[in-house]
Amino acid sequence: MSKEIELRTAQESDFSDFWEFCSNEEVSKYLTWDKYTDKDLAKSFFEEKMLKNTELPNVYLMILYQGKVIGNAHIIERPEDGLQIGIGLLPQYWHKKLGTHALVELENYIRKNWKSKYCQLLADIHENNTAMRKILLNQGYTLKSSIENHRQAYRKIITEENFDYVEWLKDNELIESVVGIGSLCEDKMADMDIIVICYEESSIDEVMHKTQYIESLKSYEKACCNHVFITFQDSRVYDTYFVSEAFINAVNNVNRVIFDKSGLVSKVLDVESKMDLDELVSVFINNTSKLIYKAKGGKLEQVTRILGDIRNKSIIPLGNYDKCLVSKNVINLNWIDKNTVLYETYMSTFAQPMYEPIAVAINKCLELLNYFIEKYELKKYIEKNNEINEYAKEFL
């Protein structure tokens, strides 16, 4: 079907077809202009706009089906925003999937003739135009907002075949830098953990919204307001934090810790902080309870993330407190003694999302809790610890 749809620039002989289109009340019902009743005015528009605008970024095109003109399309440049697109067909060609094929051909025309690796397309439709809304959504457009005159604004970013999200971020003038967290794995099935740093706080929402318009986007899952898991069609997953340059500067100028329950932040920022054993054990108990709850629910992917929290927020600070570990952060660790339940528990937190290694990790966490409660006589936690051990039995 799509091969039977063609686009070409207007010719003088197309005016009679254009007049049939622009003077039709059904056609103009959902558009921003009323039907033409004055043929001379229509002729003037045809000559001044359609015959003269024949190349991107501003171009008017005739839509042909099986060699016959059935409507027209336009592309208009919107500086600093992208290309405004629109298609219209004569009513007798509605509800035959020709609108979808015309839109695909219009996108292909832009891919072939546009000067950039990516291009944001803007499509504004009347809120009651359900047929066009369905076409846009099926073709990967995202609703941006409702605008004046009962219209809705949809967006989509078309890209080259081998799309690189980091390269796209680099080309975005709102973004100052992108930094990697930990080791960046080239395995497409592995997460790429990155921080996207925008020049201004006010730009963060815009960058996050634009990410949702990328055509190769498979899923966009918000963990919280500025933390998103972004998956593309090639299975690459980006665990992404969006922050501002001002935030990075603020973190860089931290000079004291007011409180830090796990000691993690103090170590990451290399700022002195007095560790409170009660707080450390309390955080450990809460995370262990959460770990068991998620494991019992079969949410093993989430379990691995909780194990990471336990590793960084509990085991490493407790290891420093117990003098079997010396570290200034969560990466550079100097284990004084590896023949300890602390080290064994630390290693178990790298478990794969499968039952057996997770069960081992839970057992080690429970063993470590017992160790600290007994060694430091933390009687206030005995009852809670017994409850957790009973709760874990259903999983173990």
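In this predicted model, helix α12 (residues 341-348) and helix α13 (residues 355-375) have axes that come within 9 Å and cross at roughly 150°. That angle makes α12 roughly antiparallel to α13. Their crossing is left-handed.

On the α12 side, the contact is made by V341, L342, E344, T345 and S348. Helix α13 contributes V360, A361, K364, C365, E367, L368, Y371 and F372. By class, the residues of this contact divide into 8 nonpolar, 2 polar and 3 charged.

Helix α13 also packs with helix α10 (residues 277-296). These two helices are roughly antiparallel to each other, and their crossing is left-handed. From α10 come L277, V281, F284, I285, T288, L291, I292 and A295. They meet I358, I362, C365, L366, L368, L369 and F372 in α13. This contact has 14 nonpolar residues, 1 polar residue and no charged residues.

The two pairs in brief:

| Helix pair | Axes come within | Crossing angle |
|---|---|---|
| α12 and α13 | 9 Å | roughly 150° |
| α10 and α13 | 11 Å | roughly 155° |

Now the cores. The largest nonpolar core has 47 residues, of which I63, I85 and I110 touch the most other members. Strand β3 (residues 58-65) gives the most to this core, with 7 residues.

What does I85 touch, leaving aside its neighbours within four places in sequence? I85 is in contact with H74, I75, L103, L106, I110, L121, L122, A123 and Y141.

Conventions:
Residues are numbered from 1 along each chain as its sequence is written. This is a predicted model: local features need pLDDT of at least 70, side-chain atom pairs count only at pLDDT 80 or more; totals for chains, interfaces and linings use all residues. Side-chain values use heavy atoms; hydrogens and water are left out. A nonpolar core is a set of buried Ala, Val, Leu, Ile, Met, Phe, Trp, Tyr and Cys residues joined through side-chain atoms within 4.5 Å. Buried means under 20% relative accessible area, exposed over 50%, partly exposed in between (1.4 Å probe, protein chains only). Helices (H or I, at least four residues) and strands (E, at least two) are DSSP runs, numbered from the N terminus. Contact means heavy atoms within 4.5 Å. Axes are lines fitted to C-alpha atoms, for helices over the stretch in contact, and angles run from 0 to 180 degrees between N-to-C directions. Angles under 35 degrees count as roughly parallel, over 145 as roughly antiparallel, 65 to 115 as roughly perpendicular and the rest as oblique. A crossing is left-handed if the near helix is turned anticlockwise from the far one by less than a right angle, and right-handed if clockwise. Ala, Val, Leu, Ile, Met, Phe, Trp, Tyr, Cys and Pro count as nonpolar, Asp, Glu, Lys and Arg as charged, and the others, Gly among them, as polar.
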